[in-house]
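Thank you all for coming.

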Amino acid sequence: MATSKALPVTRRYADPDSMAARLFRQAQAVMPGGNSRTTVYMAPHPPYAAEGQGCWIVDVDGDRRLDLLNNYTALIHGHAHPAITAAASARLARGSSFPLPTPEEVELASLLVERLPAVEQVRFTNSGSEAVMMAIKAARGFTGRWKIAKFEGAYHGSYDYAEVSLSSTPDNWGSLAEPASVAYSRGTPPSVLEDVVVLPFNRPELAARRIEREAGALAAVIVDPVPNRAGLMPANREFLESLRAVTAAHGILLIFDEVISFRIGYHGAQGHFGIRPDLTTLGKIIGGGFPVGAVGGSAAVMAVFDPTGGKPAVPHGGTFNANPVTMAAGLASMRLMDRVAFDRLAELGAKLRDGLTACFKDGGVAGSVTGVGSLFKVHPSDRALSDYRSSRQEPEEAARLDRIVRFLLDHGVLLSTTGLGCLSTPIGDAEIEGFLEVFARCLQEERSGA
Ligand SMILES: Cc1ncc(COP(=O)(O)O)c(C=O)c1O
């Protein structure tokens, strides 16, 4: 796929005298490591965003990149979509938050209930992490049990219980049948590790056996049907069916973490796979680009939050829950995402994944691509991928992926340092083809040792 056309070079941020370098030096004095979000750090410093329009971001040094990350999958319409900007601005002009509920929260809750088969009632939070935290508390409140089970390597936000075994390694991860509970942050209480059971992903028999052994204490099993950090390999339907059956048999709640996977279709991952979880956590796309989260589920389970009869089983406060600006932006964003829009993104996603796979093949170098719908992830190996253990990179593979992502960053494309990417509705064939050209060139240079 050789081409003689010069690629755009977007490296001004890397200059020691760049605006980004100066901002980072300033940031280091007032923020630990100059950073307020571990995910967005890159050495020696990241570019700083100035503005975004559609699928493009311009950084403070004036370089423009195709945004294939969309704030880690949150921006399904890219940047500054006119309808979302208008809805948020109009709401903002009438007040940004109140010590009272607003009509917008009822409207967005209604839309989510209509679209998600397993969601009858909803409560809003300010982030996906909080949504997961409240889902876990709801499950405990409903069942009267205290343990939760999660899958090895799966990310569910910044919450002690949800972080267990997020980055376990061959020397501490234990057997596949009984993965060890490994702390992610230093200082994690031993009681947290005792109360989180770790399960192998996409292994129905092994997971069911462990769930059955722990059933008496288990309040919930939480699963992301398309777990990004564990490789972005979609769950097998049989695996999800087995989880549904074993949890139901033992009175354990099944939580679907759809903070990212609601992106894959009009009815979310639960519609895509045809499974009805008891609780669903949401975030990202439902806020139209503003901070958001939500937990939803059957009316029977969600009743743990109901304050109408006095103190609920699980009280849930939050100064900015269901913030009306977020709700207005979220409504505008979700209304634009009709079935046609989801189908179009899924088609473009398939085209992009096929294109990347062809780049690896044509380039004669190792690499593979996972994902579904508008989501994709680049892997720097040819290994068969099925779960966290198989997709975990060796140091030299991680270094290679880092080189690929940096090449893209320096040639007009923004992708996650983990190889994750996603589409937004302003992206079309021309942008995908442009990206594939840059990607092919990257592999070509890699092969020729440039
Ligand atoms: C599956 C999943 N759950 C939960 C979260 C946490 O969401 P937030 O970053 O809004 O706290 C994320 C964030 O990426 C996620 O991917």
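Which residues does Asn 202 touch, not counting residues up to four places away in sequence? Before I answer, please note that this is a predicted model, in which local features need pLDDT of at least 70 and side-chain atom pairs count only at pLDDT 80 or more, while totals for chains, interfaces and linings use all residues. Residues are numbered from 1 along each chain as its sequence is written, and side-chain values use heavy atoms, with hydrogens and water left out.

The residues that Asn 202 touches are Pro 234, Ala 235, Asn 236, Phe 239 and Ser 386, where touching, or contact, means heavy atoms within 4.5 Å. Asn 202 sits in the loop between strand S6 (196-199) and helix H8 (204-214); helices (H or I, at least four residues) and strands (E, at least two) are DSSP runs, numbered from the N terminus. With a relative accessible area of 12%, Asn 202 is buried, a word that means under 20%, with exposed over 50% and partly exposed in between (1.4 Å probe, protein chains only). A polar atom of the Asn 202 side chain lies 2.8 Å from the backbone nitrogen of Asn 236.

Ser 368, in strand S11 (residues 368-370), also counts as buried, at 16% relative accessibility. The side chain of Ser 368 reaches the backbone oxygen of Ser 381 at 3.2 Å, and the residues in contact with Ser 368, leaving aside neighbours within four places in sequence, include Phe 360, Lys 377 and Leu 385.

Let me turn to the ligand. Among the residues that surround it are Ser 127, Tyr 155, Asp 224 and Ile 260, each with a heavy atom within 4 Å of the molecule. Oxygen atoms of the ligand lie 2.8 Å from a polar backbone atom of Gly 128, 2.7 Å from an N or O atom in the side chain of Ser 129, and 2.8 Å from a polar side-chain atom of Lys 284. Taken alone the ligand exposes 390 Å², and the protein buries 81% of that, by the Shrake-Rupley method with a 1.4 Å probe.

Technical notes. Polar contact = N/O pair within 3.5 Å; in protein donor to acceptor, adjacent residues only side chain to side chain.
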